[in-house]
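Subject: Structure handover

Hello,

Here is the structure you are taking over. My notes on what was found in it follow below.

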Amino acid sequence: MNKNGQIGKIVTSFPVMILIFVVIILYLISSGIARTALLKEGIGIASSGVEIEPFLAKVISVKVEEVLSEVIVFDAFVLYKRGKVEREDLEKALLDKLNEKHSLNINGKFIPNCFVLVSGRDDSFIALEEFKDFFLEENEGGYSSVSKTYVVKSAIKKYDNYRGIGLVQETDVKIPEKEEALNIRYYFGRCL
Amino acid sequence: MNKRGDLAFTLLGLFAIVVAGAALFTFVSFAKNLDVSSYNYSILLNQVYFSKEYVVQEAVLAGSQAIKEGGDTKGAFQKIIEERNYRVKQFGNFTAKVRNGEFEFIPDEDKTALIMNGISVNSERGSSKIQRNFDLRIEFNDKGEVRKIYK
């Protein structure tokens with residue numbers, strides 16, 4: 001290519017480069033606007049579960065072998081599995097804990113209308129009475145008059161929806177010496 | 001334009017199509033994997049966060065009870081933790097540290113501080129693993145009630 005050809009090539013490449021820059025800037029602006037709009041609508045909150053205080057690490061008052069004791073929720077499940085805590089006592093203790101404020105504490109701010117879902121691998125779900133429609137489907141489960149909770153005996157579609165978007169907290173631990181495996185899955189937060 | 005120019009121009013076009021196809025394939029396959037790995041990562045984070053909070057609550061309950069009992073606070077703390085020990089792997093080295101006496105109860109005027117450094121908790125899911133290390137300082141009053149927690 002001669003000199004004139006080279007100069008011509010350089011000159012013609014400028015509009016192409018300018019066009020590319022304009023397209024990139026338009027893309028950045030439009031994606032920024034879209035992101036801001038989505039965040040305002042509350043979409044993309046799947047990671048909020050990490051910020052919530054783990055319910056399983058809370059302390060409840062529950063009868064352990066007929067003695068009222070302060071126990072961590074996780075320990076209460078282990079003791080229940082070992083037959084040292086009665087199911088009705090555990091349900092009542094969990095409900096009392098939830099009813100302390102009957103709301104969810106996020107960074108000191110109480111937000112009403114929360115619910116909790118607790119499960120073991122072989123055990124049942126425990127749900128608050130006011131959310132019975134949410135949990136009871138196809139005549140599954142029954143009502144516990146002692147704790148005023150509904151107990152549902154199988155996995156539920158809506159629970160899977162929460163799980164699907166990463167809002168369900170899950171702990172799956174093995175207790176080696178006792179050859180026990182304890183799986184507890186729960187959602188503790190606002191109804192979506 | 002000569003024949004060589006034609007060839008280069010054609011190759012450039014083919015190259016652009018291949019790159020665009022590869023980029024599209026990456027976007028599609030990456031988005032699919034992200035859902036699964038994001039969920040697993042979320043579970044890992046939740047578990048390690050729960051383990052840390054559990055260890056702190058365990059120390060609070062046992063420390064409070066040991067102070068209420070009076071006498072040998074350190075010995076009482078070790079005994080309580082040993083009784084409650086479920087040997088759960090993800091709760092890390094907390095119980096071992098207590099058993100080895102790697103902690104102190106330091107009285108200071110109207111309060112007693114429980115200090116334990118280098119606690120580690122972990123979480124495993126498949127081949128992924130997260131470990132979190134932290135130091136713990138819990139201040140109790142004379143009645144064994146918690147005044148402040150530094151973690």
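**Sheet in chain B**

In chain B, four strands make an open sheet in the order β1-β2-β3-β4, with antiparallel pairing. (Strands are DSSP runs of E of at least two residues and helices are runs of H or I of at least four, both numbered from the N terminus; two strands pair if DSSP finds at least two bridges between them.) The edge strands, each pairing on one side only, are β1 (104–108) and β4 (146–150) of chain B. From one strand to the next, the twist averages 25°.

Before the rest, some conventions. This is a predicted model, in which local features need pLDDT of at least 70 and side-chain atom pairs count only at pLDDT 80 or more, while totals for chains, interfaces and linings use all residues. Residues are numbered from 1 along each chain as its sequence is written, chains are lettered from A and ligands numbered from 1 in the order in which they are written, and side-chain values use heavy atoms, with hydrogens and water left out.

Back to the sheet. β1(B) and β2(B) pair in the antiparallel sense over five bridges, and Pro107(B) stands opposite Thr112(B) in β2(B). The two strands β1(B) and β2(B) form a hairpin with two residues between them, and Glu109(B) in the turn has a positive phi of about 50°. On to the next pair: strand β2 (residues 111–125) of chain B is joined to strand β3 (residues 128–141) of chain B by 13 bridges, again antiparallel. Here Thr112(B) stands opposite Phe140(B) in β3(B).

Helix α2 (residues 73–84) of chain B lies across β1 and β2 of chain B and runs at about 140° to β1(B). (Axes are lines fitted to C-alpha atoms, for helices over the stretch in contact, and angles run from 0 to 180 degrees between N-to-C directions.)

**Individual residues in chain B**

Ser123(B) is in strand β2 of chain B. Ser123(B) counts as buried because its relative accessibility is 0% (buried means under 20% relative accessible area, exposed over 50%, partly exposed in between, with a 1.4 Å probe and protein chains only). Not counting residues up to four places away in sequence, Ser123(B) touches Leu44(B), Gln47(B), Val48(B), Ser128(B), Lys129(B) and Ile130(B) (contact means heavy atoms within 4.5 Å).

Asn122(B) is also found in strand β2 of chain B, and at 12% relative accessibility Asn122(B) counts as buried. Leaving aside neighbours within four places in sequence, the contacts of Asn122(B) include Val48(B), Ser51(B), Lys89(B), Gln90(B) and Gly92(B).

Gly70(B) sits in the loop between α1 (3–69) and α2 of chain B. With a relative accessible area of 33%, Gly70(B) is partly exposed. Gly70(B) and Lys143(B) are 73 residues apart in sequence, and their C-alpha atoms are 9.9 Å apart in space.

**Chain A**

Chain A has five helices and 11 strands. Of its 192 residues, 38% count as buried. Chain A exposes about 11800 Å², of which carbon and sulfur atoms supply 56% (Shrake-Rupley method with a 1.4 Å probe; for residues, only the protein chains shown count as cover). Among contacts in chain A between residues at least 6 apart in sequence, 50% join residues at least 24 apart.

How much of helix α2 (residues 73–81) of chain A is buried? Eight of the nine residues are, so helix α2 of chain A is largely enclosed by the rest of the structure. Among the buried residues of α2(A) are Val73(A), Phe74(A), Asp75(A) and Phe77(A). Just after α2(A), Gly83(A) takes a positive phi of about 80°.

**Nonpolar core**

The largest nonpolar core has 52 residues, of which Ile60(A), Phe74(A), Leu90(A), Phe77(B), Phe94(B) and Leu114(B) touch the most other members. (A nonpolar core is a set of buried Ala, Val, Leu, Ile, Met, Phe, Trp, Tyr and Cys residues joined through side-chain atoms within 4.5 Å.) The largest share of this core, 12 residues, comes from α1(B). Leaving aside neighbours within four places in sequence, Leu90(A) is in contact with Ile60(A), Val62(A), Ala76(A), Phe77(A), Tyr80(A) and Val85(A).

**Confidence in chain A**

The mean pLDDT of chain A is 63, and 41% of its residues reach 70 or more (pLDDT is the predictor's confidence in each residue, from 0 to 100). Within chain A, confidence is highest in strand β2 (residues 67–72), at a mean of 91, and lowest in helix α4 (residues 132–135), at 44. Over residues 118–141 of chain A the pLDDT is below 50, and this stretch has 73 contacts in the model beyond near neighbours in sequence. The pLDDT is also below 50 over residues 144–156 of chain A, where the corresponding number of contacts is 43.

Regards
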